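My entries follow the structure display.

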Amino acid sequence: MIRRLILASAVLPFLAAAVSGQAPSKTTNDGVYSAAQAERGKKAFTTSCTTCHDTDRFSGASFAEAWTGKPLKEIWDVASGTMPEDNPGSLKQQEYADIIAYFLSLNQYPAGDAELAPGAVPMGMIKVEKKK
């Protein structure tokens with residue numbers, strides 16, 4: 001039993017690295033967030049972000065120029081690693097995912113049934129594409 005635990009703990013970091021290095025398998029045009037999640041994200045953005053930011057920075061041409069062709073992980077890394085500016089990383093992981101879902105809704109990407117999962121690995125599996 002102990003041998004299995006040691007083996008599992010040795011293999012797990014390699015599996016995580018392999019998964020995070022995979023190419024995105026979905027795009028922002030695939031309904032990767034839910035409408036309810038985007039609504040929660042709007043509330044979280046209003047509460048935690050509007051003292052410094054307005055939505056123009058996260059929608060339209062500004063958003064497209066900054067993020068098209070990149071995995072959502074890059075937005076995740078900036079948001080969860082540096083925001084809010086006065087207390088970086090202080091929001092819950094789910095709140096960061098909800099805010100990113102809100103950004104997708106602002107850009108009129110289609111909502112789906114499933115929620116956008118928080119974390120670098122799930123975000124790395126989704127590529128930002130031009131809206132279809």
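**Helix 2 against helix 5**

I looked up this pair first: helix 2 and helix 5 are roughly perpendicular to each other (65 to 115 degrees), because their axes cross at roughly 105°. The axes come within 7 Å. Helix 2 covers residues 35-48. I note that this is a predicted model, in which local features need pLDDT of at least 70, side-chain atom pairs count only at pLDDT 80 or more, and totals for chains, interfaces and linings use all residues. Residues are numbered from 1 along each chain as its sequence is written, and side-chain values use heavy atoms, with hydrogens and water left out.

Axes here are lines fitted to C-alpha atoms, for helices over the stretch in contact, with angles from 0 to 180 degrees between N-to-C directions. Helices (H or I, at least four residues) and strands (E, at least two) are DSSP runs, numbered from the N terminus.

I listed the contacts (heavy atoms within 4.5 Å). Helix 2 supplies Q37, A38, R40, G41, K42, A44 and F45. Helix 5 supplies Q94, A97, D98, I99, A101, Y102, F103 and S105. By class, I read 8 nonpolar, 4 polar and 3 charged residues in the contact of helix 2 with helix 5. Nonpolar means Ala, Val, Leu, Ile, Met, Phe, Trp, Tyr, Cys and Pro; charged means Asp, Glu, Lys and Arg; the others, Gly among them, are polar.

**Two residues of helix 5**

I checked D98, which sits in helix 5. What does the side chain of D98 join in a polar contact? The partner is the side chain of R40, at 3.0 Å. A polar contact is a pair of N or O atoms within 3.5 Å; within protein, one must be able to donate a hydrogen and the other to accept it, and residues adjacent in sequence count only if both atoms are side-chain atoms. Leaving aside neighbours within four places in sequence, D98 is in contact with Q37, A38, R40 and G41.

Next came A101, also found in helix 5. A101 is buried, at 0% relative accessibility. Not counting residues up to four places away in sequence, A101 touches Y33, Q37, A38 and L116. A101 and Q37 lie 64 residues apart in sequence, yet 6.5 Å apart in space, C-alpha to C-alpha.

I found S34 in the loop between strand 1 (26-27) and helix 2. S34 counts as buried, at 7% relative accessibility. A polar atom of the S34 side chain lies 3.0 Å from the backbone nitrogen of Q37. S34 also touches A111, G112, D113, A114 and E115, not counting residues up to four places away in sequence.

**Helix 4 against helix 5**

Helix 4 (residues 72-82) and helix 5 (residues 93-106) have axes that come within 10 Å and cross at roughly 125°. The crossing of helix 4 and helix 5 is right-handed. The contact uses L72, I75, W76, A79 and S80 of helix 4. From helix 5 come Q93, Y96, A97, I100, F103 and L104.

**Whole chain**

The protein chain has 6 helices and 2 strands, running α-β-α-α-α-α-α-β from the N terminus. Of its 132 residues, 33% count as buried. Residues 24 or more positions apart account for 74% of the contacts with a separation of 6 or more.

Methods:
Left-handed = near helix turned anticlockwise from the far one by under 90°. Buried < 20%, exposed > 50% of the residue type's maximum accessible area, 1.4 Å probe, protein only. Parallel < 35°, antiparallel > 145°, perpendicular 65-115°, else oblique.
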